[in-house]
Amino acid sequence: HIAKAEVTVTVDSKVKTYGEATPVFTGTVEGVVEGDTVEINYLLTNNAVDKNVGEYTITAQFATAQNNYTLKVVTGTLTVNKKDVTITADDKTITYGDAVNFNAHTYTHDGIVSGDTVDVTYTTNYTIGANVGTYTITPVLNGTYSNYVFSLDYGTLTVSPKAASITTLDKTIAFGDSVDT
C-alpha cells in the first residue's frame, strides 16, 4: 500500500471594495509530484456570498477526485471594505414668500451600488419671509448603511425676488383741485 502524497495549498488573501467584482482567487500549490497535474478550485467557505462588508474565508479543493494525493489547505481571507460615496443635495430656486417643498427634491451621488437605495431628506436654514438671497440645503441620511462611508455636500437654495405689480386708479382732476387718495 502506497501512502498518498500531501498537497498543500496556501490561499492568497484578497481585498475588494463593496460593489466591486469579486477578485479571482489564487494560491500557491506545493507537493505535487513532478509530471503530475493537479487542478485546484478556490471558493468561499459555506458557499458564502461576498455581497456585504466583512471578512470571508477563502478555501481550496481539488477540481477532480485525486487518488494519489491528500489536500492540506491554508485558508486566505477576502476582505470587503466599505465604499466611499459623496451625496450632494441638488440646488433649488424658489420665489420670495414661497415655502420650500423638498418632497420631490433630488441629489447626485458618485457611486451608490445598483440596486441599493438610500433615504435622503433635506433641511434648510431658510424660513418663509426671510430675505432674498442664498441659503444652505443640508442632506440628511435616514437609516444605517453598513456598506458605505458617506460624505454629505450641501446644496444651495436661491430665493428670488417676487415680481411686484402696481395698479393705479384712473382719476381726473381740475387744475388747483386737491387730490383725493
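Predicted model: local features only at pLDDT ≥ 70, side-chain atom pairs only at ≥ 80, totals over all residues.
Tutor: A nonpolar core is a set of buried Ala, Val, Leu, Ile, Met, Phe, Trp, Tyr and Cys residues joined through side-chain atoms within 4.5 Å. Buried means under 20% relative accessible area, exposed over 50%, and partly exposed in between (1.4 Å probe, protein chains only).

Student: Which elements have the lowest and highest mean pLDDT?

Tutor: Strand 10 has the lowest, 92, and strand 3 (residues 27-30) the highest, 97. Strands here are DSSP runs of E, at least two residues, and helices are H or I runs of at least four, numbered from the N terminus.

Student: Back to the core. Which residues touch the most other members?

Tutor: In the largest nonpolar core, which has 34 residues, they are L78, I87, V118, Y126, Y148, F150 and L157. Strand 5 (residues 54-62) supplies the largest share of this core, four residues.

Student: What does I87 touch?

Tutor: Leaving out residues up to four places away in sequence, its contacts include V118, V120, L141 and F150, and also H109 and D153. Contact means heavy atoms within 4.5 Å.

Student: Changing topic, how many aromatic pairs are there?

Tutor: Five in the whole structure. Rings of Phe, Tyr and Trp (its six-membered ring) pair if their centres lie within 6.5 Å; planes under 30 degrees apart count as stacked, over 60 as edge-to-face and the rest as tilted. F102 and Y122 form a tilted pair, because their planes are at 40 degrees, with centres 5.5 Å apart.

Student: Where do those two sit in the chain?

Tutor: F102 is in the loop between strand 9 (92-95) and strand 10 (107-109), and Y122 is in strand 11 (residues 119-124), 20 residues apart. F102 is buried at 18% relative accessible area, and Y122 is buried at 10%.

Student: And Y145 with F150, what is the geometry?

Tutor: Edge-to-face, because the planes are at 85 degrees; the centres are 5.6 Å apart. Ring pairs join Y18, Y145, Y148 and F150 into a cluster.

Student: Last one: is T77 partly exposed or buried?

Tutor: Partly exposed, because its relative accessibility is 27%. T77 lies in strand 7 (residues 76-81) and touches S13, K14, E55, Y56 and I58, not counting residues up to four places away in sequence.

Conventions. Residues numbered from 1 in each chain as written. Heavy atoms only, no water. pLDDT = per-residue confidence, 0-100.
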